[in-house]
Amino acid sequence: MVGNIGFYVYQQIYPIYGIGMTIALTGLPVFISKLIVDTKDPNDKIALTFKIQNILLVICLIIFCILQFGAGLIAHSMDDLRLGPVIQSVSWMFLFIPFLSSWRGYFQGNMEMRPTAYSQVVEQVVRVTTILLVGYWSVRSAANPYLMGRFAMLSAPIAGLCALLFIAVWIKRQSLPTKWRKQRLPIQTPGLVKRILFEGGTLCLVSAVMLLLQLADSFSVVAGLRAFGIPLISAQNIKGIYDRSQTLVQLGQVFSIASATAVLPGLVLANKHKQDITFKHVAATNLRTNLGISLAMSAGLFALMPQINRLLFASSELNTTISLYCVSIILTSVLMTYNVILQSKDKYLKTMISILTGFLVKILINQFFVSRIGIVGASLATLLSLMVMIGLMNVLSRSDLKQLISYYQIGKLILVLAVMIVSVKLIALGIGAMHLVSNLRIEALIISCIGIPAGIAIFFGGCVLLKIFTIREWLAIPMVGKFLKIKGVTSHENR
C-alpha cells in the first residue's frame with residue numbers, strides 16, 4: 001500500500017516495537033510465570049507480581065526517556081533525521097509493558113492462559129486495523145511516508161492500552177487486589193532485579209534475536225549502501241525491499257517457536273526427575289523435526305522466491321538477497337531449540353553470551369559487508385552472526401547439546417529437498433510458459449497455489465520413501481502427528 005519507501009520508514013523502527021512486544025508477550029511473562037509457580041501462597045503471588053511490576057516500571061521509564069529525548073540522536077545514527085518523530089511515537093508503548101508483562105506472567109503462572117491469549121488478540125487486531133487505516137489514508141491523501149510512519153507506529157501504544165484495559169477488566173472479574181500490600185517475600189528486591197535482567201533478559205534475547213539483527217540493519221544498511229555508491233533515496237528504496245525478507249522469516253519461525261515452546265514442560269520434568277534418556281529423546285526429536293521442517297520452508301521459499309516476492313509485494317526484486325536471508329529460518333530454529341534445552345536445565349549465561357557475541361559480530365561486519373558487496377552483504381552478515389551464536393552455544397554447552405543432530409538424516413533431507421526444488425522450479429517454468437494470464441501477480445498466485453502443495457507432497461513423500469523420520473519424530477510434527485494418532489500409530493521406540 002505504501003511502497004518501498006513507506007515500508008522502509010516503518011521497518012526502520014519496527015525492531016524497537018518488536019523488542020517491546022517480546023518483553024510484554026513472551027520473554028518476561030514466561031520468566032514471571034516461573035516465579036509465580038514457585039511461590040505457593042496466593043497472597044505472596046500477588047505481592048510478587050506488584051513488586052515485579054514496579055521494578056519493570058522503572059526499567060521501562062528509562063527506556064521511554066531514552067527513546068523520547070534521544071530520538072534525534074538515534075535517528076541521526078540511522079542516517080535519517082526524519083525518523084525522530086517515528087521513534088517518539090513508538091516509545092509510548094513502553095509505558096504499558098510493565099503492567100502487561102507482569103499480569104500476563106501472573107495469570108500464566110496460575111495456569112490461566114486466556115488473559116494472555118485474549119489480550120494478545122485484542123492488541124493485534126487493534127494494531128493491524130490502525131496500520132491498515134493509516135496505510136489507506138496515506139495512499140488516498142498522498143501523505144509523506146514519515147508522517148505515515150509516525151501514525152502507523154502510534155498503533156503500538158494504542159493497541160497496548162486496549163490490551164491493558166482488557167487485562168484490567170479480567171483482574172476486576174477475578175476480584176484480585178489492585179494495590180500492593182507490603183509483605184516480606186522470599187526473593188529480596190536486589191535478587192529479583194538481578195534475575196529479571198539475567199534470566200528474563202536471556203529469554204527476551206532469544207525471542208528477539210532476529211529483531212536485534214534487524215535493529216543492527218536499521219543503523220548500518222543505508223549508510224553501507226551510500227558508501228557503496230548508491231544515492232540516499234535509492235538506498236532507502238533498496239532497504240525497503242530488503243526488509244521484505246524479515247517478514248518472510250517471521251512467518252517461517254512460527255512452527256519452530258511453537259514446537260520448541262511446547263516441549264519445554266516435558267524437558268523440565270525429565271530433567272527434574274533425572275530421566276536422562278527421556279530428556280535426550282525429547283530434545284533430539286524436537287531438534288530434528290524442527291530442523292527438517294525449517295529446511296523444507298527455506299527450500300520452498302528459495303524455489304518459489306520470484307513468485308512469492310511478486311505475489312506479496314507486487315514486484316520481484318532482490319530475489320537472491322531475500323532467499324539468502326530466509327536461510328535464517330533454519331539457523332533460528334536450531335538456536336531456539338538449543339535455548340529450550342539449556343533453559344530446561346536453568347542454564348542462561350551461555351545462551352546470553354552466545355547471542356550477545358553474535359549480535360556484536362553483526363554490528364561489526366554489517367556496514368563493512370554492505371559497503372563492499374551491496375545489500376546482499378546484509379543477508380550474509382545476518383547468517384554469519386547466527387552461525388556464530390549456534391557455534392558458540394555448541395562450544396560452551398558441548399555436554400548438553402552433543403549427539404542431538406543426525407548428519408546422516410540431514411544428508412537424506414538434502415537429497416529430498418533438491419528433488420523438491422527442481423520439481424517446483426519446473427512447475428513454475430511450465431505454468432509461466434503457458435501464459436495463462438497477462439497479470440504477473442495473478443500468475444504468481446497460480447504458481448504458488450500449485451507449487452506449494454506439490455512441494456509439500458514431494459517433501460513428505462520423499463521423507464516416507466527414504467525413512468528420514470522415526471515414528472517418534474513423525475508424531476512430533478503437529479498436523480502429521482495428529483493424523484497418525486487418529487490412525488492409532490504410537491511410538492515405543494528407544495532409539
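Guide: A crossing is right-handed if the near helix is turned clockwise from the far one by less than a right angle. The model here is predicted, and in this model H1 passes H6 in a right-handed crossing.

Visitor: Why are H1 and H6 called roughly antiparallel to each other?

Guide: Helix H1 (residues 3-38) and helix H6 (residues 114-141) pack at an angle of about 165°. Angles over 145 degrees count as roughly antiparallel, and H1 and H6 are therefore placed in that class. Their axes are 13 Å apart.

Visitor: Which residues of H1 and H6 meet?

Guide: From H1 come Tyr10, Tyr17, Met21 and Leu25, and from H6 come Thr116, Gln120, Glu123, Gln124, Arg127 and Ile131. Sorted by class, this contact has five nonpolar, three polar and two charged residues.

Visitor: What makes H1 roughly antiparallel to H2?

Guide: The axes of H1 and helix H2 (residues 42-69) cross at roughly 160° and come within 12 Å. With the cut-off at 145 degrees, H1 is therefore roughly antiparallel to H2. H1 passes H2 in a right-handed crossing.

Visitor: How many nonpolar, polar and charged residues are in the contact of H1 with H2?

Guide: H1 gives Ile16, Leu28, Ile32, Leu35 and Ile36, which meet Lys45, Leu48, Thr49, Ile52, Leu56 and Leu67 of H2. They divide into nine nonpolar, one polar and one charged.

Visitor: How do you know the orientation of H13 relative to H16?

Guide: Helix H13 (residues 276-303) and helix H16 (residues 328-344) have axes that cross at roughly 165° and come within 8 Å. That angle is over 145 degrees, and H13 and H16 are therefore roughly antiparallel to each other. The crossing of H13 past H16 is right-handed.

Visitor: Which residues make the contact between H13 and H16?

Guide: On H13 they are Phe279, Ala283, Asn286, Leu287, Asn290, Leu291, Ser294, Leu295, Met297, Ser298 and Leu301. On H16 they are Ile329, Ile330, Ser333, Val334, Thr337, Tyr338, Ile341 and Ser344. By class, the contact of H13 with H16 has 12 nonpolar, seven polar and no charged residues.

Visitor: Where are the bounds of the domains?

Guide: Domain 1 covers 1-178 and domain 2 covers 211-494. The centres of the two domains, taken over C-alpha atoms, are separated by 26 Å.

Visitor: How do you know how many residues each domain gives to the contact?

Guide: A residue is in contact if it has heavy atoms within 4.5 Å of the other part. Domain 1 gives 21 residues and domain 2 gives 26 residues.

Visitor: What area is buried between domain 1 and domain 2?

Guide: About 1800 Å² is buried between them, and carbon and sulfur atoms give 55% of this. In domain 1, Asn4, Tyr8 and Asp79 lose the most area to domain 2, together 28% of what that side buries.

How values were computed. Residues numbered from 1 in each chain as written. Predicted model: local features only at pLDDT ≥ 70, side-chain atom pairs only at ≥ 80, totals over all residues. Heavy atoms only, no water. Axes fitted to C-alpha atoms, helices over the stretch in contact; angles between N-to-C directions. Helix = DSSP H or I, 4+ residues; strand = E, 2+ residues; numbered from the N terminus. Parallel < 35°, antiparallel > 145°, perpendicular 65-115°, else oblique. Nonpolar A, V, L, I, M, F, W, Y, C, P; charged D, E, K, R; others polar. Domains from an automatic or database assignment. Buried area = accessible area lost by both parts, 1.4 Å probe.
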